Amino acid sequence: MSGGGARRVLEAWKLGVVKYGDALKLQERLVAERKAGRVQDLVLSLQHPPTYTIGKRRTDHNLLVPESSLEGLGAELHRTERGGDITFHGPRQAVLYPILSLRDIGLGARRYVEGLEAAMVEVASMYGVKARPGGACTGVWVGDRKIGAIGVRISSGFTCHGLAFNIDPDLGYFKHIVPCGIANKEVTSLRREAAVELPPDEVIHDQLVQSLATTFRFSDFQVKDDSECAEMIHS
């Protein structure tokens, strides 16, 4: 989805479970560093504790329970500046936050979102699941059931936020929202749709990163774990 040129390597930061607020602050720092040229294109690969997030349109009406009840559900709520509507993040959901220069990879916003969708479709296909982009309903779907969500922010051609792919999260949390603002649609997971046994979640995280790197025509990806990224994470 981009032109040729010099060898380009995507850094993949594998961070495990990260609180949403901490991940948000890290993204903000990394976007500033990427704009200044102090870090290269990279992607954060992680999962969150139970968290609801609302996009910049502030569609709070799609939260179907009082905000005061979320603590009892073991969940947090964050209002963000990403695109998209309300969604849920939680354990056993693969989250990727690419920090990329769209100019360097030769993409506009629409093609970038299509690339995120393509990565999730490809990984689903590895397990015999026929997924598709949602078209006007951004994200990735299996029939009328949503398996992957997208919400991005692009500032001066640099990306943050990203995608969430349901491996086997507790789908009960989605009953408390109108997921992505689309009523009367189900949410599903790779575990629910696949007819084969799934590998450990970490393998699927890596497959998503590999698919993302291939889709955006990186030559390869280089993995860093949280110990190697500790200075940036905790600064």
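This is a predicted model: local features need pLDDT of at least 70, side-chain atom pairs count only at pLDDT 80 or more; totals for chains, interfaces and linings use all residues.

Colleague: Rings, then. How many aromatic pairs are there in the whole structure?

Modeller: The search finds 5. One of them is Y52 with F88, a tilted pair at 5.2 Å centre to centre and 55° between the planes.

Colleague: Which strands do Y52 and F88 lie in?

Modeller: Y52 is in strand β3 (residues 51–54) and F88 in strand β5 (residues 87–89), so the pair ties together parts 36 residues apart in sequence.

Colleague: Buried or exposed, Y52 and F88?

Modeller: Buried. Y52 has 0% relative accessibility, and F88 has 1%. Ring pairs also link Y52 and F88 with Y173 and F174 into a cluster.

Colleague: What sits over the ring of F218?

Modeller: The charged end of R8, 4.1 Å from the ring centre.

Colleague: Switching to helix α3. How far does it reach?

Modeller: 25 Å from first C-alpha to last, over 17 residues (109–125). That is close to the expected 24 Å. Its buried residues include Y112, L116 and M120.

Colleague: Now salt bridges. How many does the structure hold?

Modeller: There are 16. In one, D206 and K14 have their closest N and O atoms 3.2 Å apart. D206 is in helix α5 and K14 in strand β1, 192 residues apart.

Colleague: And R34 with D41, buried or exposed?

Modeller: Both are buried. Their salt bridge has its closest N and O atoms 2.8 Å apart. Elsewhere, shared partners join R92, D168, R191 and D201 into one salt-bridge network.

Conventions
Residues are numbered from 1 along each chain as its sequence is written. Side-chain values use heavy atoms; hydrogens and water are left out. Rings of Phe, Tyr and Trp (its six-membered ring) pair if their centres lie within 6.5 Å; planes under 30 degrees apart count as stacked, over 60 as edge-to-face and the rest as tilted. Helices (H or I, at least four residues) and strands (E, at least two) are DSSP runs, numbered from the N terminus. Buried means under 20% relative accessible area, exposed over 50%, partly exposed in between (1.4 Å probe, protein chains only). A charge sits over a ring if NZ of Lys or CZ of Arg is within 6 Å of the ring centre and within 35 degrees of the ring normal. The expected span of a helix is 1.5 Å times one less than its number of residues. A salt bridge is a side-chain nitrogen of Lys or Arg within 4 Å of a carboxyl oxygen of Asp or Glu.
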